[in-house]
Amino acid sequence: MDINETIKSQLDENPIILYMKGSPQAPQCGFSAKTSQALMACGERFAFVNILDNQELREALKVYSSWPTYPQLYINGELVGGCDIILEMSESGELAKLVKEAAKQAEA
C-alpha cells in the first residue's frame, strides 16, 4: 500500500482523526496540545496519528491536504483545519456540534 492509500484508509476508517505531533496524553508541541484538548472537551472518541513516528506520512499528508502545518483535524474524511481554526470552532461551539454529529453518524 502506498502512502496516499494509507492516508485514505485512515480517513475512511476513522470518522474523527487528528494528525498531530505526539499523542493527546503526551503532545509534542503546543499547537497539538491545544487542538487535542479542544477535541477531548467535545467528549467523543477520536483517532490520532503521531506524525513524528512516520516521516513519509508527515510529508505526504502536507501534499494530500494542501495544508503545510500540523496538527490537522479531519472529520468524515474532510480536512477541518489546524490549531487556530479548531480553537475558533471550539469557542463558538461549532466544533462540539460537528464532532458529536460525526460520532453519532459513525454509530448508526
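Here are legends for a handful of close-up views of this predicted model.

Residues are numbered from 1 along each chain as its sequence is written. Since the model is predicted, local features need pLDDT of at least 70 and side-chain atom pairs count only at pLDDT 80 or more, while totals for chains, interfaces and linings use all residues; side-chain values use heavy atoms, with hydrogens and water left out.

**View 1. The sheet is open, with four strands in the order 2-1-3-4 and mixed pairing.** Helices (H or I, at least four residues) and strands (E, at least two) are DSSP runs, numbered from the N terminus, and two strands pair if DSSP finds at least two bridges between them. Strand 2 and strand 4 are the edges, each pairing on one side only. From one strand to the next, the twist averages 25°; axes here are lines fitted to C-alpha atoms, for helices over the stretch in contact, and angles run from 0 to 180 degrees between N-to-C directions. Strand 1 and strand 2 run parallel, joined by four bridges. Strand 1 also pairs with strand 3, this time antiparallel and over four bridges. Strand 3 and strand 4 are antiparallel too, over three bridges, and leucine 73 has glycine 81 in strand 4 as its bridge partner. Helix 1 packs on the sheet, touching strand 1, strand 2 and strand 3, and its direction makes about 135° with that of strand 1. Helix 5 (residues 94-107) packs on the sheet as well, touching strand 1, strand 3 and strand 4, at about 50° to the direction of strand 3. Contact means heavy atoms within 4.5 Å.

**View 2. Strand 1 is covered on both faces.** Ile16, Leu18 and Met20 sit on one side, Ile17 and Tyr19 on the other, and all are buried. Buried means under 20% relative accessible area, exposed over 50%, and partly exposed in between (1.4 Å probe, protein chains only). With five of its five residues buried, strand 1 is largely enclosed by the rest of the structure.

**View 3. One aromatic pair turns up in the structure.** The rings of tyrosine 19 and tyrosine 74 have centres 5.6 Å apart and planes at 85°, so this one is edge-to-face. For the cut-offs, rings of Phe, Tyr and Trp (its six-membered ring) pair if their centres lie within 6.5 Å, with planes under 30 degrees apart counted as stacked, over 60 as edge-to-face and the rest as tilted. The pair links distant parts of the chain: tyrosine 19 belongs to strand 1 (residues 16-20) and tyrosine 74 to strand 3 (residues 72-75), 55 residues apart. Tyrosine 19 is buried at a relative accessible area of 0%, and tyrosine 74 is buried at 2%.

**View 4. Helix 3 (residues 55-65) has Leu57, Ala60, Leu61 and Ser65 as its buried residues.** Looking down the axis of helix 3, these fall within an arc of 120°, so they line one face of the helix; the arc is that of the directions from the helix axis to the C-beta atoms. They pack against helix 1 (3-13), strand 1, strand 2 (47-50), strand 3 and strand 4 (78-81). Turned away from that buried side are the exposed residues Glu56 and Val63. At the N-terminal end, asparagine 54 provides the cap, with a side-chain oxygen 3.1 Å from the backbone nitrogen of glutamate 56. That is a polar contact: a pair of N or O atoms within 3.5 Å, where within protein one must be able to donate a hydrogen and the other to accept it, and residues adjacent in sequence count only if both atoms are side-chain atoms.

**View 5. Asparagine 50 sits in strand 2.** It is buried, at 18% relative accessible area. Its side chain reaches the backbone nitrogen of leucine 52 at 2.9 Å. Methionine 20 stands opposite asparagine 50. Leaving aside neighbours within four places in sequence, asparagine 50 is in contact with Met20, Lys21 and Gly22.

View 6. Most residues other than glycine have a negative phi, and most peptide bonds are trans. Serine 66, in the loop between helix 3 and strand 3, has a positive phi near 55° and is exposed at 62% relative accessibility. Proline 71 lies in the loop between helix 3 and strand 3, and the peptide bond from tyrosine 70 to proline 71 is cis, with omega near 10°. Asparagine 76, in the loop between strand 3 and strand 4, has a positive phi near 50° and counts as partly exposed at 41%.
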